[in-house]
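Try each task before reading its solution.

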Amino acid sequence: MGRTIHVRSRHPLRAVAGLAVLLPALTGPVAPAAEAVPAARLAGGALVLTAWRQARNRGSCAPQAFADTGEPAASPRRAYFSGGWAVAFDLPGRRSAFGIAGTGTAAPGDSELAQWPQQLSLDGGLAGYGLSGRAPYPADDSDGFGRESLAYVRLDGQGCLYNVWSQLGRAHLQRLLQQLRPVALP
């Protein structure tokens, strides 16, 4: 049975904000349990869970991580992302070479994703991507290695915008998008 929560406050908006913090802890984010992968089997999965547990958006933005990054030398670390959570991966000589963030921004609609020069259908979602600033990859550098490739990702059942980025080129960004998995909650 469900719980009834009574809130008394002289400041109704503060009471509602308090519930927004409490309810995710009671209900958790919407995440398909059958598809969720244990954190230990995902690149940076434990760090994603740690960051997600402390994020304000944990009730609408389930933790996601990569099954494989294609970069065994990468070192994951928590990264700051206002209102949400993030994990960046550093490579020798390249800080924040790639990563993922569950932002504090609402999930993008079709029209927002269509503003990106490229789209990629995902299992349970859609990504719009290109160079940072929604720029296309130039003809003389179609992979964009060393530049900031960025994807806006919408996942079914989630209320947030996910960012996936890579400085290792378009092919690497596409690989990361295809390797995105929901993290199982312990």
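Please keep in mind that this is a predicted model.

**Exercise 1.** Find the disulfide and work out which parts of the chain it links.

*Solution.* Start with the cysteines: C61 and C160 are joined, with an S to S distance of 2.0 Å. Next, locate the two ends. C61 sits in the loop between α2 (45-53) and β1 (64-66), while C160 belongs to strand β8 (residues 160-166). They lie 99 residues apart, so the pair links distant parts of the chain. Both C61 and C160 are buried. Finally, look along the S-S bond: the angle about it is 60°, and the link is right-handed.

**Exercise 2.** Describe the surroundings of strand β3 (residues 85-91).

*Solution.* First, take its partners. Strand β2 (residues 75-78) pairs with β3 in the antiparallel sense over four bridges, with R78 opposite V87. Strand β4 (residues 94-106) also pairs with β3 in the antiparallel sense, over six bridges, and here W85 stands opposite G102. Then check the side chains: W85, V87, F89 and L91 point one way, A86, A88 and D90 the other. Seven of the seven residues are buried, so β3 is largely enclosed by the rest of the structure.

**Exercise 3.** Work out how the buried residues of helix α4 (residues 170-178) are arranged around its axis.

*Solution.* List them first: R170, H172, L173, L176 and L177. Now look down the axis of α4: these buried residues fall within an arc of 160°, so they line one face of the helix.

Definitions and conventions
Residues numbered from 1 in each chain as written. Predicted model: local features only at pLDDT ≥ 70, side-chain atom pairs only at ≥ 80, totals over all residues. Heavy atoms only, no water. Buried < 20%, exposed > 50% of the residue type's maximum accessible area, 1.4 Å probe, protein only. Helix = DSSP H or I, 4+ residues; strand = E, 2+ residues; numbered from the N terminus. Arc of directions from axis to C-beta. Disulfide = S-S within 2.5 Å. Pairing = 2+ DSSP bridges.
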